[in-house]
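Me: Hello! I am new to this structure and would like to learn how to read it. Could you take me through it feature by feature?

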Amino acid sequence: MDIFLFAATAGVSLLRKRHEKIGWTVSSYESAEEQKLWTALQNGTSRDAGERVCTVTPDNIRTPSGHLRSEMRLQNLWHRATYILVLVKEKGDNRKLKEQQNQRSVLVQRRSQQKDYCPGKLDPTPGGVVGFGENYQENAKREVFEEMGVDVTQGNVDGNSMERLFTFSYQDHKVRVWGDFYEVSYYGSVKNLTIQEEEVDEVLVLYMDELKTRIEESPDDFMPDACHAMKLYFQRKEDMQVKRRLLKGYSSGDLDRYNLRPKPKVIFFDCDDCLYFDNWKTAKKLTAKIEQWCVEKLGLPKGKAYELYKEHGTALRGLLAEGHIDDSPESIDGFLRDVHDIPIHDLIKPDKKLREILLRMNPTIPKFIFTASVSHHAIRCLKALGIEDLFEDTVIDVKECDLETKHSRHSFQVAMDIAQVDDPEACVFLDDSVTNIRAAREIGWRSVLVGKVGRDCGKPIFSENAELEVERIYDIVEALPELFVSSETC
């Protein structure tokens with residue numbers, strides 16, 4: 001069977017409250033056993049109290065001399081620790097079937113009562129505090145061998161391997177730690193693992209889904225930093241599966257400072273060529289209408305409308321900027337009404353698959369149409385698709401954005417104000433325009449490029465500013481599972 005051993009540090013303090021600036025009092029502990037450990041820490045007689053460990057600044061920079069383990073505990077100092085996930089593989093496993101059924105087994109330790117942190121707690125992440133003068137990788141190799149008997153040194157007989165996944169910070173009222181997370185592949189029998197009896201009272205074997213359930217229902221039974229580390233691990237694994245791009249500036253974009261992403265608070269859908277795709281038939285009709293209007297109404301030469309679009313972002317902005325029409329509401333509304341007068345229902349048909357996908361989305365996350373067109377055009381498209389009722393009063397159009405395009409930071413800020421969201425990273429944006437995606441990243445939105453062929457160039461496109469790229473809107477089910485189901489486990 002595939003066994004997943006979550007391993008991490010014991011480098012978390014038992015201390016309940018900070019006492020002024022330097023330490024804690026015996027009354028901070030919750031039980032007589034913890035108070036006894038506090039006394040041992042004060043006296044320097046706790047387990048490994050005299051060991052010098054790697055303490056760091058809040059930015060994970062080593063302190064010159066480190067500190068004694070007891071000092072680190074009593075003063076709740078920032079320190080380094082390793083978190084090691086061991087995948088134990090035995091011959092004859094039907095691994096794919098196990099993964100499909102989410103029945104992977106996990107070894108969970110119950111910590112010894114002698115530990116100076118969380119004695120008796122369940123630990124799905126046994127590991128160790130990094131020693132002074134030791135680096136993360138050295139510590140990980142040492143800890144996994146000492147605690148489990150797993151050799152991951154190069155050229156080991158069993159072929160075991162170890163891979164670093166990310167570094168993260170965690171702090172609460174008990175601990176402040178910079179952790180390095182590793183994944184170990186162990187080729188051997190679980191029966192051959194060597195467990196340190198002085199460190200562990202018992203070992204439980206749980207299925208992965210059972211472990212998640214127990215953490216959700218009884219989080220106080222587990223170490224809090226281990227719970228956080230597993231959240232990060234599950235997020236990273238899911239991101240790797242859907243090939244989410246790492247983008248600096250986002251919470252989950254830097255593996256050296258890896259964080260949980262904020263939960264999505266709003267979803268912004270572009271309308272044309274994103275929410276539906278008709279081989280750009282509708283777009284071509286709109287372009288022809290704009291060209292016709294400029295030639296027949298204004299007497300402009302053919303091709304001028306497209307030049308205005310390329311130079312100003314939209315033909316309307318170009319017409320206003322160059323004085324071809326005045327900026328009165330009547331002139332602007334007349335242009336927008338005339339150029340959007342196309343037979344939408346002949347071009348766009350009801351989309352049951354799209355409707356089913358939208359209905360499966362988390363109903364607590366508001367959905368908006370965010371279009372560079374006008375609301376009456378977007379509403380006609382929604383009616384034609386058969387999804388108008390799913391976007392009632394949630395169309396943000398070019399008029400709402402003061403005629404600014406989605407190339408403009410102002411438009412994105414207007415959209416956030418309308419959606420009543422103040423965290424840009426909590427905004428998920430789906431659009432077919434590489435330029436719009438770039439502008440979204442500049443303000444901090446998380447974006448998905450929908451469509452991999454450009455309308456104007458007819459060639460493959462991609463966006464280095466998008467976290468994800470999908471062929472069609474239907475693909476968001478697999479690409480963005482957090483929009484459909486809660487991924488929270490702790």
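Reply: Gladly! Let's start with confidence: pLDDT is the predictor's confidence in each residue, from 0 to 100. We need it here because this is a predicted model. Over residues 97-101 the pLDDT stays under 50, and the model gives this stretch four contacts beyond four places in sequence.

Me: Thanks! Now to helices: at what angle do α5 and α6 pack?

Reply: In general, two packed helices are described by the angle between their axes and the distance between the axes. Here helix α5 (residues 208-217) packs against helix α6 (residues 224-242) at about 130°, and their axes are 12 Å apart. The two are therefore oblique to each other. Their crossing is left-handed.

Me: Which residues of α5 and α6 meet?

Reply: From α5 come Met-208, Leu-211, Lys-212 and Ile-215, and they meet Cys-227, Met-230 and Phe-234 of α6. Sorted by class, this contact has six nonpolar residues, no polar ones and one charged one.

Me: How should I read α7 and α10: how far apart are their axes, and at what angle do they cross?

Reply: The axes of helix α7 (residues 281-298) and helix α10 (residues 329-339) come within 9 Å, crossing at roughly 130°. That angle makes α7 oblique to α10. On the α7 side the contact is made by Leu-286, Lys-289, Ile-290, Trp-293 and Lys-297, and on the α10 side by Phe-335, Asp-338 and Val-339. By class there are five nonpolar, no polar and three charged residues.

Me: And what is the angle between α14 and α15?

Reply: Helix α14 (residues 409-419) and helix α15 (residues 434-443) pack at about 65°, with axes 9 Å apart. That makes α14 roughly perpendicular to α15. The crossing of α14 and α15 is right-handed. Arg-409, Phe-412, Gln-413 and Met-416 of α14 make the contact with Asn-436, Ala-439, Ala-440, Glu-442 and Ile-443 of α15. By class, that contact has five nonpolar, two polar and two charged residues.

Me: Last one: how many aromatic pairs are found in the whole structure?

Reply: A pair of aromatic rings is described by the distance of the centres and the angle of the planes. A search of the whole structure finds 19 aromatic pairs. Take Phe-166 and Tyr-258: their ring centres are 4.8 Å apart and their planes lie at 35°, so the pair is tilted. This pair links distant parts of the chain, with Phe-166 in strand β8 (residues 161-171) and Tyr-258 in the loop between α6 and β11 (266-269), 92 residues apart.

Definitions and conventions
Residues numbered from 1 in each chain as written. Predicted model: local features only at pLDDT ≥ 70, side-chain atom pairs only at ≥ 80, totals over all residues. Heavy atoms only, no water. Axes fitted to C-alpha atoms, helices over the stretch in contact; angles between N-to-C directions. Helix = DSSP H or I, 4+ residues; strand = E, 2+ residues; numbered from the N terminus. Parallel < 35°, antiparallel > 145°, perpendicular 65-115°, else oblique. Left-handed = near helix turned anticlockwise from the far one by under 90°. Contact = heavy atoms within 4.5 Å. Nonpolar A, V, L, I, M, F, W, Y, C, P; charged D, E, K, R; others polar. Phe/Tyr/Trp six-rings, centres within 6.5 Å; stacked < 30°, edge-to-face > 60°.
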